[in-house]
Structure formats: structure tokens, C-alpha cells
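Biologist: Hi! Could you walk me through this one while I have it open on my screen?

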Amino acid sequence: MKTWIFTGICDKSDMLLYMCKILASGDKRVLLVDGAIDAKYKHCISVMHPQLPVKEFAGFDVATGFDNYQALAEYLEAMEEKNYDYIVMDVEKPEFLNKHEWDTADAHVWVSGFEVTGLRKSAALLDELRAARADDSLPPFYRVYVQVIDDLTDEAYIEGYLEDSRIQWLGPPVKMPWDELFFALKIKNEHAGRLGIKSLSRQYKRSLTELIRMLTEMEQRHIRRALRQAGRRHA
């Protein structure tokens, strides 16, 4: 089982939902964990058994309504549910994970958008995470930039907010593009309570493939096959 932590204050829900669907279409058992500030995922999947804390959605499971990861782990143990290949966590609350849970994750990914409010909140989150460690440094992070608009967004703008973070960055950032069609698909999916992926742009699919290849041992041809399979499913 691999555990990935995605953090940073921005809307990364669509990216993580799409990524989980692709992994699930590649015959992987996936759990997406909602540790976001506004518990956004329960709204994305609200039509699917809202009374259950762990719900099946689009071929993978989504855990919502837990105050921390320990409570989720106890629930999964009681349900004898431990056989996930990947646990993907969207964590925006410092108290959601303890230091051991942070440090033992298989990958840490810092996700940034370009909105000033989100960047300032992310910087504050980073300060809280560092303050809880005294002299112990944070683990190294991969980087993902979301809502990237060609010729209108400059990654140096984001890096200016993180230049004093003293975090070790792993490689260049993965850039997730944004356009009006992406936003239209997001709204369509939310209103329908489904997760269509076929209409995503070719550039966005390439970025999703790059992100999955960065975090897994899957070959690119296998990721592309899973992506095509995910596009055929209308869940």
C-alpha cells in the first residue's frame, strides 16, 4: 500500500478525483481521503450514499467526515478494510495528521494555485507545519501547479511565497492547465454526480499522466491505457 499526501490551500479536488479514477481503471484499489478545510468531497459525491463515511464513487472509495487520519484508520480496521493499493489524501488541516503519519507517507506533494488568498493561506499552513517540528525538517515535496493559463501565469509568482520555506523540492513542478472547457466539465460532473473524464484536454491528460508516472512505478503505456479505460466509463 502506498500513501500520498497532497497539501497546500487551493482547489485540487478535481485533479485528485481524476487521478484516482485513472488509477482505479488500472485495476488498483484506491481510497481518497478528505482532509480539506471545507470537506469539499462530500459535496462532489453527495448523491452517492451520503450516510456512509466511506463511499464508492467512480470506481474508487472516498472517505469524508473524519476529524483526523487516526479516526479513519480505526474505522477501516473495524470494517476489516485494509487492502488498498493507494491512499490519496487531500490535507489542508495541520491537525489531520500527526508527525509520524506525515513522515511515513510514501510521497508528499505541495499543490499551489495562483490566487493570492490561497498562496497566503498556504504559507501560513507551511509555517504551522514547520513550527510543530522544532528543529526537525519537513520531508521533501513534489510540486504541482493547478489552474495554469499559458502566457498569463508565472510560476515565479508562486515561488515568491515559498522562497523562505526551507523545503527540499523534488524536481520541477507538474503544471495542470486550465481553460473554460475544464471549468464546464467540472460543473457538469458536480451537477450530475458523476466523473466524466473523456472531455479533458489532451494537455491536461498529459499532465495527469506525468503526475501518476512521477508517483508510481507504472509504465507510461499502462497509464495511458488506464486513462483510455477511464474515459470509456461514465460513472
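Predicted model: local features only at pLDDT ≥ 70, side-chain atom pairs only at ≥ 80, totals over all residues.

Biologist: Is Ala 58 buried or exposed?

Modeller: Buried, with a relative accessible area of 9%.

Biologist: OK, what about the other partner of E4? How do E2 and E4 run?

Modeller: E2 (residues 30–35) and E4 run parallel, joined by three bridges. Val 33 has Ala 63 as its bridge partner in E4. As background, strands of a sheet pair through backbone hydrogen bonds, in either a parallel or an antiparallel way.

Biologist: Which residues of E4 are on each side of the strand?

Modeller: Phe 60 and Val 62 are on one side, Asp 61 and Ala 63 on the other, and all of them are buried, which leaves both faces of E4 covered. In general, side chains in a regular strand alternate between the two faces of the sheet.

Biologist: Zooming out, what order do the strands have in the sheet?

Modeller: The order is E3-E4-E2-E5-E1-E6-E7-E8, an open sheet of eight strands with mixed pairing. E3 and E8 (174–177) are the edge strands, each pairing on one side only. Ignoring direction, neighbouring strands are turned by 25 degrees against each other on average.

Biologist: Which strands does H5 touch?

Modeller: H5 (residues 116–131) packs on the sheet and touches E1 (2–7) and E6 (107–112). The direction of H5 makes about 150 degrees with that of E6.

Biologist: Let's talk hydrophobics. Which residues touch the most other members in the largest nonpolar core?

Modeller: Phe 6, Met 15, Met 19 and Phe 60 do, in a core of 45 residues. H1 gives the most to this core, with nine residues. Apart from that core lies another of 31 residues, including Tyr 69, Leu 72, Leu 125 and Ile 158.

Biologist: Back to Phe 6: what is Phe 6 in contact with, beyond its neighbours within four places in sequence?

Modeller: Its contacts include Met 15, Leu 16 and Met 19, along with Val 88, Met 89, Val 109, Val 111, Leu 211 and Leu 215. Lys 12 and Asp 90 are also among the contacts of Phe 6.

Biologist: Now the helices. At roughly what angle do H1 and H9 cross?

Modeller: The axes of H1 (residues 13–25) and H9 (residues 220–232) cross at roughly 105 degrees and come within 8 Å. H1 and H9 are therefore roughly perpendicular to each other. Lys 21, Ile 22 and Ser 25 of H1 make the contact with Ile 223, Ala 226, Leu 227, Gln 229 and Ala 230 of H9. By class, those residues are five nonpolar, two polar and one charged.

Biologist: And how do the axes of H1 and H7 cross?

Modeller: At roughly 75 degrees, coming within 12 Å, with H7 covering residues 180–192. That makes H1 roughly perpendicular to H7. In this contact, Ser 13, Asp 14 and Tyr 18 of H1 meet Phe 182, Leu 185, Lys 186 and Asn 189 of H7. The contact has three nonpolar, two polar and two charged residues.

Biologist: Switching to loops: where is Asp 27?

Modeller: Asp 27 is in the loop between H1 and E2. Its phi is positive, about 65 degrees, although Asp 27 is not a glycine.

Biologist: Does Asp 27 count as buried or exposed?

Modeller: Exposed, because its relative accessibility is 71%.

Biologist: Last one: what does Lys 82 touch, not counting residues up to four places away in sequence?

Modeller: Lys 82 touches Met 1 and Glu 77. The C-alpha atoms of Lys 82 and Met 1 are separated by 8.9 Å, with the two residues 81 apart along the chain. Lys 82 lies in the loop between H3 (69–78) and E5 (86–91), and counts as exposed at 53% relative accessibility.

How values were computed. Residues numbered from 1 in each chain as written. Heavy atoms only, no water. Axes fitted to C-alpha atoms, helices over the stretch in contact; angles between N-to-C directions. Helix = DSSP H or I, 4+ residues; strand = E, 2+ residues; numbered from the N terminus. Parallel < 35°, antiparallel > 145°, perpendicular 65-115°, else oblique. Contact = heavy atoms within 4.5 Å. Nonpolar A, V, L, I, M, F, W, Y, C, P; charged D, E, K, R; others polar. Core = buried A, V, L, I, M, F, W, Y, C linked by side-chain atoms within 4.5 Å. Buried < 20%, exposed > 50% of the residue type's maximum accessible area, 1.4 Å probe, protein only. Pairing = 2+ DSSP bridges.
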